[in-house]
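Here is a short report on one structure.

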Amino acid sequence: MIEDIVKRLDPMPSKSKLIIFGGGYSGQRIASVGRRLGVKVLCSRRKKDSKGADFVFNNDEELSNDIFEGATHVLSCIPPLMNGKDPVLRKLKTQLLNVKNLKWVGYLSTTGVYGDKKGAWVDENTTPNPQQERSIRRLSCEKEWLATKLPIQILRLPGIYGPGRSAFESLLNGTTKMIDKPGQVFSRIHVDDIAGAVLFLINLYSQGNNPSVVNLADNLPTNNLKVITLAAKLAKKSLPSTIPFEIAQKTMSPMALSFWQENRKVDNHLLCKKLGYSLIYPDFRSGLKNCFSQLQ
Ligand SMILES: NC(=O)c1ccc[n+]([C@@H]2O[C@H](COP(=O)([O-])OP(=O)(O)OC[C@H]3O[C@@H](n4cnc5c(N)ncnc54)[C@H](OP(=O)(O)O)[C@@H]3O)[C@@H](O)[C@H]2O)c1
């Protein structure tokens, strides 16, 4: 429920205007929370007839300066281009630098930049060591944003889940695979906590509490089998049999395989202890119950 997010947040200053580049899954949720807090929010999508497209940003056409008129906050949720460049900075860096009164610029990145840690914890002081091509591109975009001297904050995300994007979808359409790789864990974050944390961090930033990198992750990195098992219990579905990773990997897509090749736990101490954000869904158990309650 959007009220559960909003009630934890301080009001935003009046006349705040947030431009979101990439109004996809997370972007739309952040936009909804921002609007409920009284912020004027504009979201981009690549096609004007896409749901929630307030304007089009697709790397081809120029963007009118009107979009930036009165903007106080900007967030990019757009992944890197294949050449490692950031799509927003490639087209709009000069326009962004000319926006007067810009108080905060956020960039949604990934915890993939830390690389494989063989199951160990990573935090914001861990030196990035990306091994996957897409994570190398991501780190290069983070560096591009940090070099702009805009009031930038990098938010590193592990696996995003939430209503419509959780263990239930594959369970209900019969494509779930119970892959067993002993010792393997994944960190995750519920989309409502992305939205809650973004608006929370925007307010802190204006109070001078402004770390340049923050991990947004829940409290409990977990083996995928536990997540699927709970989803099956909630949905009263039987579980498929377990497949050892050594067998499953033979038919995995390169993308899926790349996720299973890395193992790390993402520490949220900075977000939740030092900065004081209170997670709405502290682990997959509460998060999955929310997803189940939203199933059509
Ligand atoms: N999914 C995960 O588990 C995960 C984990 C860690 C980090 N991330 C990153 O976190 C961010 C938000 O994730 P999400 O899952 O909410 O994203 P999403 O639903 O895939 O949305 C991405 C948005 O970026 C837009 N976009 C993509 N390429 C673009 C381009 N070249 N030019 C202009 N717009 C472009 C898309 O446009 P359309 O709306 O037109 O499609 C969409 O609005 C992304 O950068 C993602 O890579 C994701």
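The largest nonpolar core holds 55 residues. Inside this core, Ile20, Ile194, Val198 and Leu216 have the most contacts. Helix α6 supplies the largest share, nine residues. A further core, of eight residues, lies apart from it; Ala167, Val227, Ile228 and Cys291 are among them. The model is a predicted one.

Ile20 has contacts beyond its neighbours within four places in sequence: Gly27, Ile30, Ala31, Val41, Cys43, Ser44, Leu75 and Cys77.

Now to one residue of α6. Ile202 lies in this helix, which spans residues 191-206. Is Ile202 buried or exposed? Ile202 counts as buried because 26 other C-beta atoms lie within 10 Å, and the cut-off is 20 or more. Residues up to four places away in sequence aside, Ile202 touches His73 and Trp104. Gly112 is 90 residues from Ile202 along the chain, and their C-alpha atoms are separated by 24 Å.

Next, the ligand. The shell around the ligand has 22 residues. Gly22, Gly24, Tyr25, Ser26 and Arg46 are the closest. The most come from α2, with three residues.

The shell residues divide by class as follows.

| Class in the ligand shell | Residues |
|---|---|
| Nonpolar | nine residues |
| Polar | ten residues |

Terms used
Residues are numbered from 1 along each chain as its sequence is written. This is a predicted model: local features need pLDDT of at least 70, side-chain atom pairs count only at pLDDT 80 or more; totals for chains, interfaces and linings use all residues. Helices (H or I, at least four residues) and strands (E, at least two) are DSSP runs, numbered from the N terminus. A residue is buried if 20 or more other C-beta atoms lie within 10 Å of its own, exposed if 12 or fewer, and partly exposed in between; C-beta atoms are placed from the backbone. Two residues are in contact if their C-beta atoms, placed from the backbone, lie within 7 Å. A residue is near a molecule or strand if its C-beta atom, placed from the backbone, lies within 6 Å of it. Ala, Val, Leu, Ile, Met, Phe, Trp, Tyr, Cys and Pro count as nonpolar, Asp, Glu, Lys and Arg as charged, and the others, Gly among them, as polar. A nonpolar core is a set of buried Ala, Val, Leu, Ile, Met, Phe, Trp, Tyr and Cys residues joined through C-beta atoms within 7 Å.
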